[in-house]
Amino acid sequence: MKYKKAGQRACNEKDAKGKFCGGHLKRWFYTTDVLEQECGDVEKAWGRDAEVYRCEHCKTLYLPNPDEADNLNVAGRGQTSVFGLTIPGKER
């Protein structure tokens, strides 16, 4: 169980040899996970609608960064273009 760092998208857990896992962090909807439904530990600990991320390889759980509380996207908020490009909105 870890907290994501600001803008973190990949797992930073080290294995027994000291290598980083590097698996993608994906939003884990534990209420639909068959194994989690059997024990229910995560739901008991954080409630039904908690934002939890899980590494696709090592299955390490991550909670969102408290400084980015309004951000529900693993990829982060994105960055403003350094080239000054703007894309016009779609016309209806």
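This briefing walks through a predicted protein model, from its overall layout to a few individual residues. Because the model is predicted, local features need a pLDDT of at least 70 and side-chain atom pairs count only at pLDDT 80 or more, while totals for chains, interfaces and linings use all residues. Residues are numbered from 1 along each chain as its sequence is written, and side-chain values use heavy atoms, with hydrogens and water left out. The protein chain holds two helices and four strands.

**Overall layout**

- Read from the N terminus, the elements run β-β-α-α-β-β. Here helices (H or I, at least four residues) and strands (E, at least two) are DSSP runs, numbered from the N terminus.
- The protein chain has 92 residues, and 27% of them are buried. Buried means under 20% relative accessible area, exposed means over 50%, and partly exposed lies in between (1.4 Å probe, protein chains only).
- Of the contacts with a separation of 6 or more, 50% join residues 24 or more positions apart. A contact means heavy atoms within 4.5 Å.
- The accessible surface comes to about 7,300 Å², and carbon and sulfur atoms own 52% of that surface. These areas come from the Shrake-Rupley method with a 1.4 Å probe, and for residues only the protein chains shown count as cover.

**The sheet**

- Four strands form an open sheet in the order β1-β4-β3-β2, with mixed pairing. Two strands pair if DSSP finds at least two bridges between them.
- At the edges you will find β1 (2-3) and β2 (25-27), each pairing on one side only.
- Strand β4 (residues 61-63) pairs with β1 in the parallel sense over two bridges. The bridge partner of Y3 in β4 is L63.

**A loop residue to look for**

- K59 lies in the loop between β3 (53-55) and β4. Its phi is near 65 degrees, a positive value in a residue other than glycine.
- Most residues other than glycine have a negative phi.
- K59 is partly exposed, with a relative accessible area of 43%.

**Cysteines**

- A disulfide is a covalent bond between the sulfur atoms of two cysteines.
- How many disulfides does the rule give? The count comes to zero, where a disulfide is a pair of cysteine sulfur atoms within 2.5 Å.
- For C21, the closest cysteine sulfur is in C55, and at 3.5 Å it is too far for a bond. C21 is partly exposed, at 28% relative accessible area.
- For C58, the closest cysteine sulfur is in C11, 3.6 Å away, which is again too far for a bond. C58 is partly exposed too, at 35%.

**Rings and charges**

- The count of aromatic pairs comes to one. Rings of Phe, Tyr and Trp (its six-membered ring) pair if their centres lie within 6.5 Å; planes under 30 degrees apart count as stacked, over 60 as edge-to-face and the rest as tilted.
- The charged end of K4 sits over the ring of Y53, 4.3 Å from the ring centre. A charge sits over a ring if NZ of Lys or CZ of Arg is within 6 Å of the ring centre and within 35 degrees of the ring normal.

- P66 is found in the segment after β4 and is exposed, with a relative accessible area of 57%. P66 and K5 are 61 residues apart in sequence, and their C-alpha atoms are 9.1 Å apart in space.
- D41 lies in helix α2 (residues 41-46) and counts as partly exposed at 48% relative accessibility. D41 and Y30 are 11 residues apart in sequence and 9.9 Å apart from C-alpha to C-alpha.
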